[in-house]
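Visitor: Please show me the model, and then I will ask about a few of its details.

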Amino acid sequence: MFGRLKSLTQKIFHSEGHPGPFLHFGYAYISDFNAAQSVNLPLNHLFSAIGVTFSNNSGREVGIKEVSLLEMKNNRSADISFVTNADPDDDRVTLTDGEESPFVVWPPENSTSVITIAANNTTAINAYAGTAATDEGDFRLIWPQESLDEVGLYVKYTLAGTECESTFPLGSFFNNQMVAGTKYLLGLYLDPKELYIKPIVLPWTIASEYNYESSITTSLRCADASFRGINLSSGWSQSWAEYMAVSYGYINPNDEAVTTPTIEDRPAYASRIEIHTISNNEDLILGLDNDKFKFVVYYEEEYTYQDEQGIEQIGTRHLYNHSYTGGQPISLPAGDNTVYFYVVPVERFGNDATDGDKTCKVYLATVSEEFGSIKQPFNYNALPGNSGGSDEIWVYYVSPNAYADDSQTDPYTPGN
């Protein structure tokens with residue numbers, strides 16, 4: 001996870017009525033590694049986790065009507081500083097002050113359900129679900145709490161038909177805080193006379209260790225002699241460029257404009273890009289982050305024809321696959337692949353198009369059910385884009401007239 005995480009509440013992390021297990025949320029700082037070696041990527045917790053259980057040793061039936069954590073700061077935001085190879089001891093997460101509001105453990109939203117616990121049932125009951133507690137399903141994510149001075153655990157219950165309530169101040173527990181990467185268990189138990197609470201701190205690991213090895217080679221270049229580069233602040237560029245400029249339009253082999261492109265018609269206002277990938281075990285995708293843009297894939301096909309002397313010859317046809325829809329990725333199976341492609345707008349943009357509409361980022365990622373999608377770097381500074389991470393090509397839409405006007409600038413010639 002990179003950048004800013006906006007405010008989240010407990011509802012984000014579990015489906016209604018689902019007892020767990022909860023979602024682990026881990027992030028890693030940016031580090032430089034030699035791609036030829038295995039990488040140990042330590043993950044950090046952004047959240048704390050809290051569990052509540054209830055057991056009954058009173059000799060009377062108990063009905064749990066409500067369990068809430070009062071004055072919890074559970075509407076917060078976090079800024080994570082991703083500084084390459086920074087000191088790991090530095091505090092690089094900053095939390096907003098947030099708002100204090102109840103964190104409801106029981107009952108489920110829009111429900112008045114009661115957890116009924118039989119007399120002398122000392123089995124711990126998970127207060128999130130009303131079922132027997134387990135090691136994995138008894139916790140929910142919460143924002144870390146720097147202070148528990150105002151936080152209390154409120155419980156409303158019936159004891160042999162009589163309604164009771166108790167509030168336990170938590171300021172004296174857990175060193176008066178709940179820190180990220182720690183699980184906190186609040187164990188409630190009822191003896192014949194009174195309701196008690198037993199606070200416990202538990203270890204928390206994100207997951208067992210994964211051995212993820214990636215041996216992927218990528219070579220990216222502009223297959224045309226040059227491309228048009230542009231900077232949003234200063235316009236056309238003959239040196240360093242933020243974006244590759246593209247526009248909408250197609251021409252046929254006779255350089256005539258066409259409205260509906262066929263297999264022999266090419267993009268008129270975009271440069272062809274070549275990507276070569278080698279991966280041993282992983283499938284890859286070449287993706288777009290804006291569905292207002294699409295790929296057009298170039299390929300060649302041999303055909304036979306007779307020359308003027310009637311002798312059969314072999315020629316090469318230059319063909320273009322226009323079937324990709326807006327935002328649809330190009331699939332690259334494991335192995336050795338070379339693909340030639342254009343990035344073009346799906347249609348001509350109107351005057352009301354925003355910079356966000358006009359901007360498209362192209363990336364390469366692995367396809368893995370186990371690890372999800374992981375971005376792979378391109379060769380450094382091959383085309384305009386994220387030069388620090390080298391994992392995106394940045395494309396920007398300009399009008400067809402602006403792209404075609406050679407008087408504005410000479411085409412930008414990439415350095416490599």
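Visitor: Which residue in E28 is the bridge partner of Ile273?

Guide: The model is predicted: local features need pLDDT of at least 70, side-chain atom pairs count only at pLDDT 80 or more, and totals for chains, interfaces and linings use all residues. Residues are numbered from 1 along each chain as its sequence is written, and side-chain values use heavy atoms, with hydrogens and water left out. Strands (E, at least two residues) are DSSP runs numbered from the N terminus. In E28, Ile273 has as its bridge partner Phe341.

Visitor: How many bridges join strand E23 to strand E28?

Guide: Strand E23 covers residues 273–279 and strand E28 residues 335–345. Two strands pair if DSSP finds at least two bridges between them. These two run antiparallel, and the number of bridges joining them is seven.

Visitor: Which strands are at the edges of the open sheet?

Guide: The open sheet has five strands in the order E16-E23-E28-E25-E26, with antiparallel pairing. Pairing on one side only marks the edge strands, E16 (216–222) and E26 (312–321).

Visitor: Is Ser58 buried or exposed?

Guide: Ser58 sits in the loop between strand E4 (48–56) and strand E5 (62–80). Buried means under 20% relative accessible area, exposed over 50%, and partly exposed in between (1.4 Å probe, protein chains only). Ser58 has a relative accessible area of 10%, so it is buried.

Visitor: Which residues is Ser58 in contact with, leaving aside its neighbours within four places in sequence?

Guide: Contact means heavy atoms within 4.5 Å. With those neighbours within four places left aside, the residues in contact with Ser58 are Asn120, Leu159, Leu190, Asp191 and Pro192.

Terms used: Helix = DSSP H or I, 4+ residues; strand = E, 2+ residues; numbered from the N terminus.
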